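Have a look and see whether you read it the same way.

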Amino acid sequence: MTAKEARQEQWNKLKDQPLSAKLKYIFTYYWGAIALSVFALIFATSWIVGALTQKEVVLSGSIINSIALDSYQDNIAEIFLAEQQFDSEEYTFDLLDDVLFNATDISAVEHIATRIYTGDLDFIVADLEAYTLLSAYFADLETVLTKEQLEKYRPYFVYVERDALETLEQGDQGSGLVFPKYYLDDAELEDPIALGICIPKTSCLFEAYAFPDEEIILGFTETNRHVPATIAFLEFLFRQQ
């Protein structure tokens, strides 16, 4: 007698049995299939709920070495979304403002670098020291800004010598790297490259956060996925004064 014939015979015997006996038989012979079906149902439900509730990321960035000020009650990310007319129920601005590191905290630098490589950070706002440590991960502003935008923000550019940056990029990470020096004026540089923009002290950024340095810089990451939105946020910081 085959397994199928054995189950059919057993089922025939159960036809006149009470419901409890039938359920016991079902769970005895089909518990594996039932468990798999329940698991599949739970997984499908979770996936559908997640897909329906997941918000689209408009912009992602990190404000490094900052302390949020209790006196500033507004949320910069929420204000920006509202100004750009994004529905907060459908869209989100991922703004990380709890990242702290210095020249000796290589693990923090590697954490930020990993997020940049995976495309999870469109921009970074940081003090000069932190910015210097991340020099190799920023985009040349000449490649992301329009001609009009370059002229508008040029007085706020922060430069490095291109040769120094290329030396850093080609170096062996973690083996005594010499990071390029930043300049606020390109007059004394042979081949300058602009990697950041100084945020004016009158920006709302300084109302919301305290920084360890007077020079606070915003830079576009090389893997920026939302260049237009980053430019809009830059304009927002300059305008909200």
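1. Arg162 is partly exposed at 26% relative accessibility, the class between buried (under 20% relative accessible area) and exposed (over 50%), with a 1.4 Å probe and protein chains only. Its salt-bridge partner is Asp191, with the closest N and O atoms 3.2 Å apart; Asp191 is partly exposed too, at 33%. Arg162 sits in helix H7 (162-170) and Asp191 in the loop between H7 and strand S6 (192-198), so the pair ties together parts 29 residues apart in sequence.

2. A word on the basis: this is a predicted model, where local features need pLDDT of at least 70 and side-chain atom pairs count only at pLDDT 80 or more, while totals for chains, interfaces and linings use all residues. Residues are numbered from 1 along each chain as its sequence is written, and side-chain values use heavy atoms, leaving out hydrogens and water.

3. I get four salt bridges, taking a Lys or Arg side-chain nitrogen within 4 Å of an Asp or Glu carboxyl oxygen. Glu142, Glu151 and Arg154 are joined into one network through shared partners. Within it, Glu151 and Arg154 have their closest N and O atoms 3.5 Å apart; Glu151 is exposed at 51%, Arg154 partly exposed at 30%.

4. Then there's Arg239 with Glu83, closest N and O atoms 2.2 Å apart. This pair links helix H9 (residues 227-239) to helix H3 (residues 76-83), 156 residues apart; helices here are DSSP runs of H or I, at least four residues, and strands are E runs of at least two, numbered from the N terminus.

5. On H4 (residues 106-117), the buried residues are Ala108, Val109, Ile112, Ala113, Arg115 and Ile116. They fall within an arc of 160° seen down the axis, so they line one face, the arc being taken from the axis-to-C-beta directions. Ser107 and Tyr117, on the other side, are exposed.
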